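This briefing is for a reader who is new to the structure shown below.

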Amino acid sequence: FQASRAASLLPQLLLRRRPASAGAFALLARPASSASGGLPPLTTEIHPGIKRGAFSQLTDADVSAFEAIVGGDHVIKDADEVLSYNIDWLRICRGQGQLVLRPKTTEEVSAIVRHCNKRRLAVVPQGGNTGLVGGSVPLFDEIVISTSRMNSLLSIDPVSGVLVAEAGCVLEQLDREAASQGLMMPLDLGAKGSCQIGGNLATNAGGLRLLRYGSLRGTTLGLEAVLPTGQVLDCLTTLRKDNTGYDIKQLLIGSEGTLGIITKAAILCPARPKSVQLAFLGLDSFQAVLDTYRLARRSLGEILSAFEFIDSESMRAVKQNLGLSCPLGEHSFYVLAETSGSNETHDREKLDGFIESVMSMDGCATDGTVAQDAGQFAHLWSLRERIVESLLVDGYEYKYDVSLPLADIYRLVEHMRTRLDGRVIRTAGYGHLGDGNLHLNFTTPKFDAKVLELIEPHVFDWVRDRRGSVSAEHGLGLKKSQYIRHSKADFAVRVMAEVKRLLDPNGIMNPYKSIWIIWPLM
Ligand code: FAD
Ligand code: 2HG
Ligand code: ZN
């Protein structure tokens, strides 16, 4: 079910590259009225305060050394070809990188990084380039190391459920391979057709089913990475239990390419459910959304696999901007409650019981439908997954991804709506309710500095004051790095800086991102 759903979602939006043999890169179409009209401004123009680090300049001798490592065909120098690696998915960041390297093996990555460290050349690891915080593209002239050619599935054990793959494997392809063994990847997100497992690990991506299958921090059993000095860190165990010392691989998970390049991973895959059901509900208050979630946890228990919410403004965006149809009438909120289990009759009975209780409970859901076939299932999910794409059509998007106590989640949306009244096209709130994760987005026809001033740092301060997180799942990247202290204690940040210094003494690995703001100052 997942492959067919996701396959239709993204291809027209992403910066997709043709196979290497085609020798050119295709910039696939994005919504015509989005900010993508021309090239985005250089990131250095938007952030003039960020100065280039004391890195070396690339020379012909460096390029020759890289050609000797990966072969001339996998060193991209042509400015037009390099361009798509310099621009992020949202088309908000544009770097000035001049070189892209496409290694095939861990040994090649190691040789490249060793050379860069010796020469003090800065690098940016890049997977599918679907990241949403500007972490995957250069700022100045950093060298892009793309993992796209490292795309072999190494093994799947149908008994233990352990899958071992190279970092450049696309998530959707891995999920298809897992399906052939009765398994599934433990994470699923709208970008699955392009994002890579290495990028997923580097961002510790959450996605639609974290509620059920947990975070990659739990499902990743082992990992191999090339550290900033070029040394290979081999923690590629496939054991479920291994309490021998510190769990170093956790440092790489969520490190956003600042501590090394992940080259291989061992992931524990759950059994693929035999029965998947999806209910779509219309509700008239956020309290009703919370009450419905409480009821879903109680009555669906172990088969609940996703609980997502969409507010009316987000629904309006997919309807108006993408022309999608919603099977329910107008409501303040919509909820997708999914179950995954092994017995269709049992699961359907449970879901029907849940819907009956929700409908009969005063103030809960007032309208609802259940997907009857794969087509309806895909359509209902697209109403949620395509919000990200629909908002881009408005023009310019201000994107926030926060964790908050459940009671505060929608208060933030209402608060910001009032604050920005009349200045934005829309204030849209949706997200992974079961994870306490709100996606808060504002749109304007084009970038408006006044609007940004009204949003930042106010929105981050509001989240900090309620002990939330300024980045629930997308990471800090370039865009959120200066707010790290809003969600982490000062001493914790200092420890992070020490770890960075220890592993990357020359600071070559994805500079200007994540904890960059802090560590060079210490
Ligand atoms: P990239 O974008 O290429 O890189 C992301 C970061 O990881 C960069 O800092 C980069 O330097 C680093 N990196 C990449 N590969 C490696 C590697 N091998 N080793 C070390 N560092 C590396 N995120 C969620 O959490 N949940 C969602 O539901 C979700 N939905 C999305 C939906 C859409 C439509 C889009 C466009 C994005 C979505 N995202 C979501 C964002 C998410 O972070 C990415 O899609 C994904 O995890 C990034 O993978 P990638 O291969 O594209 O990485
Ligand atoms: C999602 O859950 C993604 O759809 C993207 O994390 C959210 O872009 C967003 O706001
Ligand atoms: Zn999300």
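Between domain 1 and domain 3 there are 4 residue pairs in polar contact, with both residues at pLDDT 80 or more. A polar contact is a pair of N or O atoms within 3.5 Å; within protein, one must be able to donate a hydrogen and the other to accept it, and residues adjacent in sequence count only if both atoms are side-chain atoms. This is a predicted model, in which local features need pLDDT of at least 70 and side-chain atom pairs count only at pLDDT 80 or more, while totals for chains, interfaces and linings use all residues. Residues are numbered from 1 along each chain as its sequence is written, chains are lettered from A and ligands numbered from 1 in the order in which they are written, and side-chain values use heavy atoms, with hydrogens and water left out.

**Side of domain 1 that touches domain 3**

- Strand E11 (304-311), strand E12 (333-341) and helix H14 (374-385) each supply at least two residues of this side; helices (H or I, at least four residues) and strands (E, at least two) are DSSP runs, numbered from the N terminus.
- E11 gives the largest share, 5 residues.
- By class, this side has 8 nonpolar, 2 polar and 6 charged residues, where Ala, Val, Leu, Ile, Met, Phe, Trp, Tyr, Cys and Pro count as nonpolar, Asp, Glu, Lys and Arg as charged, and the others, Gly among them, as polar.

**Domains and their interface**

- The protein is divided into domain 1 (11-27 + 273-388), domain 2 (28-146), domain 3 (153-268) and domain 4 (394-487), with bounds from an automatic or database domain assignment.
- The centres of domain 1 and domain 3, taken over C-alpha atoms, are 26 Å apart.
- In contact (heavy atoms within 4.5 Å) are 16 residues of domain 1 and 10 residues of domain 3.
- The two domains bury about 980 Å² between them, 50% of it on carbon and sulfur atoms; buried area is the accessible area (1.4 Å probe) that two parts lose on being put together, summed over both.

**Salt bridges**

- The structure holds 27 salt bridges, each a side-chain nitrogen of Lys or Arg within 4 Å of a carboxyl oxygen of Asp or Glu.
- Across the interface of domain 1 and domain 3 there is 1 salt bridge.
- Glu338 forms a salt bridge with Arg209, with 2.6 Å between the closest N and O atoms.
- Arg52 is bridged to Asp141, the closest N and O atoms being 3.0 Å apart.
- That pair links distant parts of the chain, 89 residues apart: Arg52 is in the loop between helix H2 (43-46) and helix H3 (60-70), and Asp141 in the loop between strand E3 (123-126) and strand E4 (143-146).

**Ligands**

- Of the 36 residues around ligand 1, Pro125, Gly127, Gly128, Thr130 and Gly131 come nearest; a residue is near a molecule if one of its heavy atoms lies within 4 Å of it.
- A backbone N or O atom of Asn129 is 2.8 Å from an oxygen atom of ligand 1.
- A polar side-chain atom of Glu473 lies 3.1 Å from a nitrogen atom of ligand 1.
- The residues around ligand 2 include Glu473, Arg384 and Lys399.
- An oxygen atom of ligand 2 is 2.9 Å from an N or O atom in the side chain of Tyr430.

**Backbone details**

- The peptide bond from Glu456 to Pro457 is cis, with omega near 5 degrees.
- Pro457 sits in the loop between helix H17 (449-455) and helix H18 (458-465).
- Arg467 is not a glycine, yet has a positive phi of about 55 degrees.
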